[in-house]
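Here is a protein model to read through by question and answer. Please look at the sequence and the 3D view before going on.

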Amino acid sequence: MAGLTEVVAQCMTLDEELTDITDKEERKTIILRHLDKVDSLDFVIPDFKTGLDWLNVPEALSLANQLAGKVLVLDFFTYCCINCMHVLPDLEYLESKFKVKDGVVIVGVHSAKFLNEKVTANILSAVLRYNIEHPVVNDCDALLWQQLEISCWPTFLLVGPKGQYIYAMVGEGHQDKLEEFVGIAVEHYKAKDEVKDADIPLSLEKHKKQGSPLSFPGKLCLTEGGDLVVSDTGNNRVLVLQAETGILQHAVGGPDRGFQDGEFSRARFSSPQGVAAWGTQVYVADTDNHAIRLIDLESGTVRTIAGTGLQGTDKEGGRSGPQQPLSSPWDVVLGWGQGDLSPSVLYIAMAGTHQIWVYFLQDRKWYKGSEHKAGTCIRFAGSGNEENRNNSYPAKAAFAQPSGLATSPPDKLNSLYVADAESSSVRTVLLKDGAVRALVGGERDPTNLFAFGDVDGVGVAAKLQHPLGVALVGDEGPLLVVDSYNHKLKSIDLKTKECTTVIGLAEEGRQLSEPGGLCVDARKGVVYIADTNHHAIKVYHMEKKTLTQLPVILDSFPEKSENNDTADPAPDVDSVHTALKVRPGGHLDLTLTVDLAVEDHLNEEAPNSWKLQSQDNLGKLIISNNGASKGKLRPETTQHFTQLQIPTASEESHCDLTFTFQLFVCAADNTCSIVKRSTLLPLTMSQDAAETAAADISLSLRS
């Protein structure tokens with residue numbers, strides 16, 4: 001394409017002319033001269049193919065229609081790419097400086113690397129996950145990419161009001177240059193009366209999504225006490241849940257992005273991913289803050305232990321804690337040295353620099369006789385080149401966006417396992433000497449990052465597609481891997497290197513959707529999976545080979561008092577039962593009937609319960625006489641839940657009994673909520689009443 005060749009050559013000339021020029025006016029003069037030149041070349045880029053799927057707008061856009069008269073920034077990206085994620089803040093900044101009515105429009109042109117990324121529904125999930133608010137088109141066959149000879153993600157192509165190619169930038173780190181060039185271009189074309197101020201209506205996908213307790217959960221781990229820690233990535237927070245019931249124990253941070261230490265309610269994260277727990281402490285890879293954070297569950301506080309809050313480019317490290325810049329840490333896992341009683345290092349999957357780093361939790365000796373103080377953060381393995389290169393020397397090996405980590409048990413200390421996302425492989429780092437070895441997937445050519453697929457097999461014959469997490473089941477394995485873009489859970493035999501599918505596609509479709517992480521409770525025989533695009537936590541029962549969903553219940557409340565229930569203030573009542581009479585010395589039988597919507601059910605594992613309170617002495621006497629003021633409920637819609645013994649009395653007496661029910665109601669997709677209902681039951685004790693009375697309390701929970 002001769003016209004394209006000429007305009008690209010002119011852009012290269014501009015780059016040469018701007019080299020070492022720092023004076024703003026001189027740079028502006030050079031850029032204006034360049035714009036006159038490319039305008040004279042009049043190379044108009046091809047329009048978007050009709051029939052493509054568009055996101056964040058109500059209709060397809062075209063250069064000849066809505067985008068005419070605008071200075072365009074076309075962001076050629078693919079959503080798996082860490083570099084593409086790194087430039088999103090630059091685009092947000094540009095959007096804050098130049099509005100559509102100023103004549104500037106940013107369009108994301110999604111040009112997929114992986115087959116999974118060609119699917120619009122998956123791109124939609126990425127748009128929501130990364131909070132992209134400009135129009136995005138799914139150029140699923142990369143037609144425009146090919147027509148314009150784009151060769152790298154990300155590439156910014158700047159387009160003039162008449163559709164003319166005016167400049168291109170490749171890679172990340174161009175925020176200032178983008179602002180400069182776009183500002184000068186808008187001024188230039190406004191002077192020529194070519195810029196239109198017409199608005200382009202948006203229809204943001206984030207305003208259409210259904211509510212869910214979780215938003216793109218990324219990673220999981222278990223505490224020593226058995227609680228489940230969840231990085232609720234899309235909500236910018238970390239949750240601690242009861243592993244069996246999903247009931248919230250702690251919520252740390254969220255929902256807004258930020259970089260703030262302090263108490264749980266004040267702390268802020270930005271798209272946290274990896275989590276690792278020891279004692280009452282949880283280490284967090286705070287990915288978009290480029291930091292490692294430490295949650296102390298005992299003190300209820302968060303502090304930053306590494307990272308500045310800004311993306312770094314350092315590929316060696318060596319500074320202490322918050323003085324050490326990091327780049328998109330994606331996962332963390334604890335490591336031990338020989339004889340350590342507690343973890344001495346924190347391994348970090350540094351996706352942004354394609355390396356494995358370590359943060360020293362204790363003073364300790366390291367490889368080649370080096371010694372490092374606690375709080376120091378250094379590179380462990382990986383040159384920083386984006387490759388699938390194995391090598392006996394860790395500094396000469398290379399990774400491609402490492403995103404998941406697992407270590408051998410403390411008494412084994414032999415291997416660190418790495419889910420290397422962009423090479424679609426699982427790698428092994430031998431901890432005795434740092435040597436990096438292939439395990440499964442990828443290809444022998446270290447520069448081929450397109451050796452992906454969905455094939456069970458041995459070693460390099462097995463094929464994965466952008467795996468994001470690994471977890472060891474036992475001391476000797478197997479190693480489980482979430483094969484994210486294949487929407488599967490797979491198992492690797494560490495002795496034979498055979499990789500097989502554990503959870504695949506069901507008849508009704510995907511059981512998982514781009515799962516991002518997992519953890520294993522070997523004692524209970526379960527695997528917890530962050531089912532990222534389903535906004536859910538799935539539980540795989542290894543013996544039964546069944547997959548269920550963990551309800552996530554965020555609004556649970558504790559009992560106020562274990563020893564003095566009747567001292568609680570009377571709750572507001574939702575209904576009043578028909579008044580009943582019963583003879584002194586008799587008893588009252590109570591049944592509960594719950595009317596649920598057809599698709600709803602009571603959570604079998606959650607603590608459905610009832611509680612009896614009374615503010616008068618007779619009611620308190622009934623409670624104390626029977627000895628039961630609260631109890632559990634079965635997950636049944638109709639059940640007899642208690643019998644109250646009525647005390648003997650010589651005179652007719654009256655009391656008001658208040659029954660409060662706490663029910664965990666789950667929808668068909670296992671999204672659960674707590675429903676609390678209170679019913680007042682007026683009761684009279686009279687000698688002329690029957691010895692037994694029965695009350696059927698009905699609760700309608702249909703929405």
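The questions below go from the whole chain to single residues of this predicted model.

Q: How many helices and strands are there in the protein?
A: The model is a predicted one. Its secondary structure elements are helices and strands, numbered from the N terminus. The protein has eight helices and 47 strands.

Q: What percentage of the residues of the protein count as buried?
A: A residue is buried if its relative accessible area is under 20%. The C-alpha atoms fill a box of roughly 105 × 65 × 50 Å along the principal axes. Of the 703 residues, the share that counts as buried is 57%.

Q: Among contacts between residues at least 6 apart in sequence, what percentage join residues at least 24 apart?
A: A contact here means heavy atoms within 4.5 Å. Among contacts in the protein between residues at least 6 apart in sequence, those joining residues at least 24 apart make up 60%.

Q: Which strands are the edge strands of the open sheet of six strands?
A: This sheet has mixed pairing and the order S1-S4-S3-S2-S5-S6. From one strand to the next, the twist averages 20 degrees. An edge strand pairs on one side only, and here these are S1 (53-55) and S6 (165-170).

Q: What angle does the direction of H7 make with that of S6?
A: Helix H5 (residues 120-129) lies across S1, S3 (104-110) and S4, and runs at about 15 degrees to S1. H7 packs on the sheet as well, touching S2 (71-77), S3, S5 (155-159) and S6. Its direction and that of S6 make an angle of about 175 degrees.

Q: How many residues of the contact of H2 with H7 are charged?
A: The crossing of H2 and H7 is right-handed. Its contact residues include Arg-27, Lys-28 and Ile-31 of H2, and Glu-180, Phe-181 and Ile-184 of H7. By class, seven residues of the contact are nonpolar and two are polar, and the number of charged ones is six.

Q: Which residue of S22 is the bridge partner of Tyr-359?
A: An open sheet of five strands has antiparallel pairing and the order S16-S22-S19-S18-S17. Its edge strands are S16 (317-320) and S17 (329-335). Within it, four bridges join S19 (residues 355-360) to S22 (residues 376-381). The partner of Tyr-359 in S22 is Cys-377.

Q: Is Leu-596 buried or exposed?
A: Leu-596 is placed in the loop between S40 (587-595) and S41 (601-602). Beyond its neighbours within four places in sequence, it is in contact with residues including Thr-637, Val-665 and Leu-701. Its relative accessible area is 11%, so Leu-596 is buried.

Q: What distance separates the C-alpha atoms of Leu-596 and Gly-300?
A: These two residues are 296 residues apart along the chain. Between their C-alpha atoms the separation is 38 Å.

Definitions and conventions: Residues are numbered from 1 along each chain as its sequence is written. This is a predicted model: local features need pLDDT of at least 70, side-chain atom pairs count only at pLDDT 80 or more; totals for chains, interfaces and linings use all residues. Side-chain values use heavy atoms; hydrogens and water are left out. Two strands pair if DSSP finds at least two bridges between them. Helices (H or I, at least four residues) and strands (E, at least two) are DSSP runs, numbered from the N terminus. A crossing is left-handed if the near helix is turned anticlockwise from the far one by less than a right angle, and right-handed if clockwise. Ala, Val, Leu, Ile, Met, Phe, Trp, Tyr, Cys and Pro count as nonpolar, Asp, Glu, Lys and Arg as charged, and the others, Gly among them, as polar. Buried means under 20% relative accessible area, exposed over 50%, partly exposed in between (1.4 Å probe, protein chains only). Axes are lines fitted to C-alpha atoms, for helices over the stretch in contact, and angles run from 0 to 180 degrees between N-to-C directions.
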